[in-house]
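Please have the viewer open as you read.

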Amino acid sequence: MMRRLSLGTAIVAVAALGAVPAVAQSPSAPAPVTIRFGTLNAPFVDPVNKLLVDNFKATHPGSDVQIEYITGDTAASYATQAAAGTLPDVLFTADLYVKPFAQGNITMDMEPLAAADPTFNMSDLYENMLGLSKVDGKGLYMIPSSYDVVTMYYNKTMFEAAGAPLPQADWTWDQFIAACQTIKEKTGNYCISGRDTPKPGGDYQWWADYVPWIDGYGGKLISDDGKTALLNSPEVIAAMEAYTALWTKYDIAQPLDFDPGGECFMVGKCATLLFIPGYMSAMRALDPQPFEWDVQGIPSHPQGRFTGMGTYGFAISADTKNPQAAWDFVKFLDSQPAQKAIADAYAGIPMLKSMAGDPPLPGPPNNIGAFVTNGANGILPTNFPGNCGSLYAGLINQEIKDAMGAVIAKTSSVTDAFTTANDNIQACLDKG
Amino acid sequence: MATSRPAARRFDRAFWRRTIRGYLFISPVVLGLIIWTFGPMVASLYFSLTDYKIVSPPVFTGLDNFSDLFTHDRLFIQSLWVTVRYTVLFVVLVQLVSLPLAMLLTQKVRGISVFRTLFYLPVVVPVVATALLWRYLMNKDYGPIDAALKFFGLPAVNWLGSPDMALVSLVIISVWGAALFTIIYVAALQHIPEQLHEAARIDGANAWQQFRFVTIPLLTPAIFFCLVTSVILSFQFFIPAFVMTGGGPANSTYVYNLNLYDKAFKWLEMGYASAMAWVLFIIIFIVTLVIFRTQRLWVHNDGGVRG
């Protein structure tokens, strides 16, 4: 999953990543080639960019890499380039883009290249992460970068100062909410950060935040045959009542208009942050550390423990004239040296099952294993058929976002808001 | 005599030389207009009649986009209504603020040019920078405006977080940055002959009567221009809403152009967004036409002749 990280300081260990040895390639040196590499210029990606570029140049003597940073919206940039026939050879991508990019002929299926490459061991990748790279269970449209599961970062200092119990692995949301209320009462701080994205202030519209609640209450957004929207089902209504209550009843989630001048958890105004492993590097880079912090698994809902998962990665463009060279470039991301380098930089959790037994890195966080154990609770975003959009963009996203926004702004009840959203989505599904 | 034919020929050559030279001089502008203005407009008109998702070729669908806009898109009406409310608030407020300000800026006061410069500065500040600055100023928890209100014992205002206040806040920011109209009024006020005010004074008119019966009628061309321009600008409002509120809270600032932007660049529905752009063009055209038609009733051109 790709989310913009609001970071005050640079990521660590660029030098460490640059010292990673290259993966052994076939004995005969490939012909020199220039690869165009489209990627983000963001602190959590920069070390990975350098890793890939350095390895490619080392294994392809005489070859060059032209880095082209994406400006503006990723999907819109690539769509425009695809229309103009100027896509780079290698593209930054993320789980939310896998299906639309594949269907839009922006990325190519890398599975034939992977199958023909004895150095690439697909079976060593965690199946749930590999699933993010497939479209309808097929193909390989992304080389994933990290085992990204939404896990709880918590401000240990704030919890202890408020006399609230520290988050535990077997906690329920009720226990977590009670602790948050204690923190709010004793310190005046909010409990759940909005991550400072998409705008400064609280956030509610990321699918990884609310879909786990729906699963946790036994609900679904759409029927299994993809024909019936279920936003107004009793289970979804109950889930959304409970989710939006974090703002409307308990007032423990960062309000939408509360802008503390930075990401709320990092600036010490929110007790927890539900986010991906890559954020560790941003927190560790703070010198001195503003407070003691650690990580813990997501609390449990009535019907189980669920959390969102996803990852960013890289893909080969459908337009490339150098598919083999592009494959050599991207596959390195899922090699042991690269995954170790990403882990050592606290920029992610290794994607490879063979690295599960590696000794844990020194803290903070001390409970880094929570990222992996929490993976057992990971769920993927709901897919919607047809042209009604997805949980990321389009009508589906707009209707759910508007419904939740109305509830949190207290201009509508959950039932009314989600019934309206359901009706609008159903009308689109009926159009086919 | 035979000299008329050679003279005509010489005249024709000179005429055509001048004509060609003239066209050559204006050709960069004309080419620019064709390539970068009219060309994209024609392309946009075509795309509005297609299902065009950028990554695949456009498929002709006729008027489906326009029909969906009016029958299936609740956000179309909602965003248009937000834009109309913004327009009414902005146009009224900007006229009420600009004209008195212009009158102050035409006073014979030492250093008046410094005041005029200071009031005009917001116009030259980039809009995004302005939006980011005002987002900080209007922060209800840490912003200086609410801090000042609390200092004076007044309740803090949730400027950007309240569905009732957010649009008003954006209007305030826009009016702050609309000194362009003030300058137009300053220029118009300076063009009113002093003799007319003198004559009114001699006839016994007080300050208010001079303003009402001399200044305002002679300002009507400027008011007309500012009215039309402010209406057009307000229908195109986008950047502050995009930067500061994203259309929230609860879509209370979800203006038409934000909706258009989302359809084009988030939903990648370029054909649909093109249709929205043409609908906006037609709306602005009709509103402007209506205002133009009314000018004969209230606009005094030079010489006091109406319309």
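Helices (H or I, at least four residues) and strands (E, at least two) are DSSP runs, numbered from the N terminus, and two strands pair if DSSP finds at least two bridges between them. Before we use these terms, a word on the source: this is a predicted model, in which local features need pLDDT of at least 70, side-chain atom pairs count only at pLDDT 80 or more, and totals for chains, interfaces and linings use all residues. Residues are numbered from 1 along each chain as its sequence is written, while chains are lettered from A and ligands numbered from 1 in the order in which they are written.

Let's begin at strand β10 of chain A, residues 307-310. In β10(A), Gly310(A) is the bridge partner of Asp148(A). That residue's strand, β5(A) (residues 148-149), runs antiparallel to β10(A), and two bridges join them. β10(A) also pairs with β12(A) (residues 378-379), this time in the parallel sense and again over two bridges. There, Thr307(A) has Gly378(A) of β12(A) as its bridge partner.

Is β10(A) covered on one face or on both? Both faces are covered: Thr307(A) and Met309(A) on one side, and Gly308(A) and Gly310(A) on the other, are all buried. Here a residue is buried if 20 or more other C-beta atoms, placed from the backbone, lie within 10 Å of its own.

Now step back to the whole of chain A. It holds 16 helices and twelve strands, and 54% of its 432 residues are buried. Its C-alpha trace spans about 65 × 55 × 35 Å along the principal axes. The radius of gyration of chain A is 22 Å, which agrees with the value near 22 Å for a compact globule of 432 residues; the radius is taken over C-alpha atoms, and the globule rule is 2.2 Å times the number of residues to the power 0.38.

Inside, the largest nonpolar core has 192 residues, and Phe418(A) and Tyr153(A) are among those that touch the most other members. Such a core is a set of buried Ala, Val, Leu, Ile, Met, Phe, Trp, Tyr and Cys residues joined through C-beta atoms within 7 Å. Leaving aside neighbours within four places in sequence, Phe418(A) is in contact with residues including Leu231(A), Met240(A) and Ala403(A), where contact means C-beta atoms, placed from the backbone, within 7 Å.

Finally, chain A meets chain B through 28 residues of chain A and 21 residues of chain B. On the chain A side, α3(A) gives the most, with six residues.

Terms used
Contact = placed C-beta atoms within 7 Å. Buried ≥ 20, exposed ≤ 12 C-beta atoms within 10 Å, placed from the backbone.
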